[in-house]
Amino acid sequence: MLSTLASAADPTPMAAPKPLIEVQDLKVHFFTRDGVVRAVDGVDYGVNPGETLGIVGESGSGKTVSSLAMLRLVPPPARTVGGRILFEGEDLLTRTPKQMAALRGRRIAMIFQNPATSLNPIYSIGAQLSEILVWHEKASRRQAEERVAELLNLVGITDPLTRLRQFPHELSGGMKQRVGIARALLCNPALVLADEPTTALDVTIQAQILELLADLQARFHMSMVLVTHDMGVVARMANRITVMYAGRVCETADAATIFSAPQHPYTRALLESMPRIDQSYSRGARQKLPTIAGRPPNLLNPPAGCRFHDRCPEAIADCRRILPVETAIAPGHTVSCIRRGSPGIAA
Amino acid sequence: MTPLLDVADLAVHFPVFRGPLRRKAGTVRAVDGVSLQVFRGETLALVGESGCGKSTLARAVLRLQEPSAGQLRFEGQDLLRLDRRAMKAARRRMRMVFQDPHASLNPRLRAGEIVGEAFDIHGCTRRERDAGVAELLTLVGLGPEHAARFPHEFSGGQRQRIGIARALALHPSLVVCDEPVSALDVSVQAQIVNLLMELQERLGLSYLFISHDLHLVEFIADRVAVMYLGRIVETAPIQSLYAAPLHPYTQALLAASPSIDPDRRHQHVVPDGEVPSPLSPPSGCAFHPRCPFAIANCRAEMPPLLTLAPGHDVRCWRAGEWAAAPQRAAIPVGS
């Protein structure tokens, strides 16, 4: 179970708030022709009201699949096969499809990675955004368009009344992502899931979009889950960070701790393998980047014990046998590594 | 010292046709008067955002895209005067590593055939080819036994190793790397970056390294050229570029690139606006609509590339002021 904590930006620790959404022992498996791929295999994390949780990991770590599971949108051949997702006290996995449909886009909204493909090319911006309000809030077309225009303005789109009549192809990539953000915010959601929201954008545009997201989040006191492979993006945005590897959570802590005192060997190795500005690499005395040997395991047939053991510099014999279970090593800092004192389940 | 590759005033223009009669509606000046040099054994990084012309420039250097104007000298030869056969021979010495290792390897060829193709094209014997393939695969950290496998049997990182082996066949002196690691996962990126640097040291290669990742560039490059809308706006040795960037666009790029360093993490400096369309670039300095320091002259006239320190060239009317007072160049952009 994850305990909650005050972020680094908030030095006075308060009584632990109740998480808005809590993912417990989530399991999502892909039933493929070749066998069962355990893409998400016993994952826990929680998001507190008003905070941004960054979920980082490499491709195939299960970060996107676990966030799609929160909306019950995992695509076939994947199925959520275990766990609980408690949102405002209720388990989303027991909701009916109708109840989920009433929730999606209203209480929990999503911002997608690719703004070019997540908008419908054959409807105008105004039509596809106001549809959401007509559907969820039984708004009239006119009320809906007014609200859409208001939101477009809020996300920094100039001349929103003209934009309402435009189609996605008439907008630049950065503008499309602003529309995607406006769409997510239409119904004042309590939780926004942002899956690699800036990966498809250039760096200067990325900086603008990140700034906008941070600003809106603070203004509306939303909770946000930011899924990304980019440590720099979570460093800028997240209050807390969950690091995933091969379908499991390695470590969760507040952002400052992840960067200054990471505990899990994978988190450490990942951070070390990234070149940094300011680390003054001098020509001649140029060192190599530390690397992580090998590559992530095949989740059709994950290794026994800790999934990182064959690449881990600190692995001992027990790591091959014992699956570590996340445990708190400090308030708000959980690690799953038996060398850091985590209990484990023997194979 | 004469440069290995000397690009002077290179331009690549694409005509744009519109309407039912396909009338010429304009010209995209993808690369517009670019000059740069790559010296033996060095890495020149070319950075910029999408659409700035960096990939077009790379392709033009190999004449995979015919330049519209300018000069291109490589190992003392004037490349633009070479006929097809001579150009083909020159391409033995200048090779390319592509961005996407999934798309740049033919899925129907075995790794050995992919790496060995260059030997066949350039008329080597079967024996030379087989020996070469085995040597190259070993050089990039794979083994001769991998020659019989198909691309889909390899991971992304291994595929990029095959792409690198292919580029190194026939002993090139210049390798153009077009975003060679941006499609790879972080932990694999580091392995490929190390491999590229190790190969450079062992084989004395020169790299023209195209990237949008400024952290990576600082690690791998000796010099950097920053491009914006088809033109180079700043060229500098690594140390001076990162310590004292002089062009406001370079400053904005550095500020915008997300960092994990604690003291830079919470800098929220955001350049305004978006990259203008290359079909109708702004007047004067192309960066002026987004530049917080723009003055009247910036709108009127394109600034020349001025040399402000040895090896440090900047295309900015106010560069002299920044160079004279480096503390003012410390990015007061935005917020």
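Two residues count as in contact here if their C-beta atoms, placed from the backbone, lie within 7 Å. Helices are DSSP runs of H or I with at least four residues, numbered from the N terminus. This is a predicted model, where local features need pLDDT of at least 70, side-chain atom pairs count only at pLDDT 80 or more, and totals for chains, interfaces and linings use all residues. Residues are numbered from 1 along each chain as its sequence is written, and chains are lettered from A in the order in which they are written.

Let's start in chain B. Gly112(B), Val115(B), Gly116(B), Phe119(B) and Asp120(B) of helix 3 meet a set of residues in helix 4 that includes Gly132(B), Val133(B) and Leu136(B).

Now for chain A, where helix 6 runs roughly parallel to helix 7 (an angle under 35 degrees).

| Helix pair | Axes come within | Crossing angle |
|---|---|---|
| Helix 3 and helix 4, chain B | 9 Å | roughly 130° |
| Helix 6 and helix 7, chain A | 10 Å | roughly 15° |

As for the chains themselves, 35 residues of chain B are in contact with 36 residues of chain A. On chain B's side, helix 6 gives the most, with seven residues.

Definitions and conventions: Axes fitted to C-alpha atoms, helices over the stretch in contact; angles between N-to-C directions. Helix = DSSP H or I, 4+ residues; strand = E, 2+ residues; numbered from the N terminus. Parallel < 35°, antiparallel > 145°, perpendicular 65-115°, else oblique.
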